[in-house]
Amino acid sequence: MQKYCKCGRTMNLRLRTVIYQNKVDIENVPIYSCEACGRSEVVPHVKPELTGLISRLGSKPEKQQLFFHELSEVAFLLLKVTEKEHMNDSMEKIVEERINELLDILLLAQSLGDEPWTEEIRKRLSQITQSAIST
């Protein structure tokens, strides 16, 4: 996944740490980065989750480290692709396996009648499908 920078060069996709208020390290945030001019921007698909997380932290957060891939399926899948055991797997295979895993968890959450968990899994599935539709 690439896009063009305002300077005309290609921006590459990276997982980076975003530091909020010099206190909160948010690990594994998908960022487009231009090596030519140094410009960086958050991948549009994950911006709503990142801004939501930052708003929940408030203006005076405690010192902490968070893992963005625990909130964002796009970040989760990008992190998965970088793991050594998946280096020969296609992105399609990784996405398919994750969808199947989430569907299994959804069935479990529904069978237990756990509505908050069910909604969380539905949200994760919609993150994947919305990302797939827009790419």
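**Note on the predicted model**

1. Burial. Of the 135 residues in the protein, 36% count as buried, where buried means under 20% relative accessible area, exposed means over 50%, and partly exposed lies in between (1.4 Å probe, protein chains only). The model is predicted: local features need pLDDT of at least 70, side-chain atom pairs count only at pLDDT 80 or more, and totals for chains, interfaces and linings use all residues. Residues are numbered from 1 along each chain as its sequence is written, and side-chain values use heavy atoms, with hydrogens and water left out.

2. Fold. The protein has 4 helices and 5 strands; these are DSSP runs numbered from the N terminus, helices being H or I of at least four residues and strands E of at least two. Their order along the sequence is β-β-β-β-α-β-α-α-α. Along the principal axes, the C-alpha atoms fill a box of roughly 50 × 40 × 25 Å. Taking contacts between residues at least 6 apart in sequence, 46% join residues at least 24 apart; contact means heavy atoms within 4.5 Å.

3. Surface and charge. The protein exposes about 8,600 Å², and carbon and sulfur atoms supply 51% of that area. Accessible areas come from the Shrake-Rupley method with a 1.4 Å probe, and for residues only the protein chains shown count as cover. There are 18 positive and 20 negative side chains, with the centres of the two sets 11 Å apart. Lys and Arg count as positive and Asp and Glu as negative, while His and the chain ends are not counted. Each charge is placed at NZ of Lys, CZ of Arg, CG of Asp or CD of Glu.

4. Asp25 in strand β3. Asp25 belongs to strand β3, residues 24-33, and counts as partly exposed because its relative accessibility is 29%. Leaving aside neighbours within four places in sequence, the contacts of Asp25 are Thr17, Val18, Ile19, Gln64, Gln65 and Leu66. Leu66 is 41 residues from Asp25 in sequence, yet the two are 6.1 Å apart in space, C-alpha to C-alpha.

5. Two asparagines with positive phi. Asn22 has phi near 55°, a positive value in a residue other than glycine. Asn22 sits in the loop between β2 (10-20) and β3 and is exposed because its relative accessibility is 71%. Asn28 also is not a glycine and has a positive phi, of about 65°. Asn28, however, is found in strand β3, and at 16% relative accessibility Asn28 counts as buried. Both sites can be inspected in the backbone.

6. Ala75 in helix α2. Ala75 lies in helix α2, residues 73-82, and its 0% relative accessibility is why Ala75 counts as buried. Setting aside neighbours within four places in sequence, Ala75 is in contact with Asn28, Pro30, Phe68 and His69.

7. The loop between α1 (47-57) and β5 (64-67) holds Pro61, which is buried because its relative accessibility is 5%. Apart from neighbours within four places in sequence, Pro61 is in contact with Tyr20, Gln21, Lys23 and Val24. Lys23 is 38 residues from Pro61 along the chain, and their C-alpha atoms are separated by 7.0 Å.

8. Arg124 and Arg98. Arg124 is part of helix α4, residues 115-134, and counts as buried because its relative accessibility is 11%. Arg98 in turn lies over the face of Phe76, at 3.9 Å from the ring centre; a charge sits over a ring if NZ of Lys or CZ of Arg is within 6 Å of the ring centre and within 35 degrees of the ring normal.

9. Asp89. Asp89 lies in the loop between α2 and α3 (91-111) and is partly exposed because its relative accessibility is 23%. Asp89 and Gly113 are 24 residues apart in sequence, and their C-alpha atoms are 35 Å apart in space.
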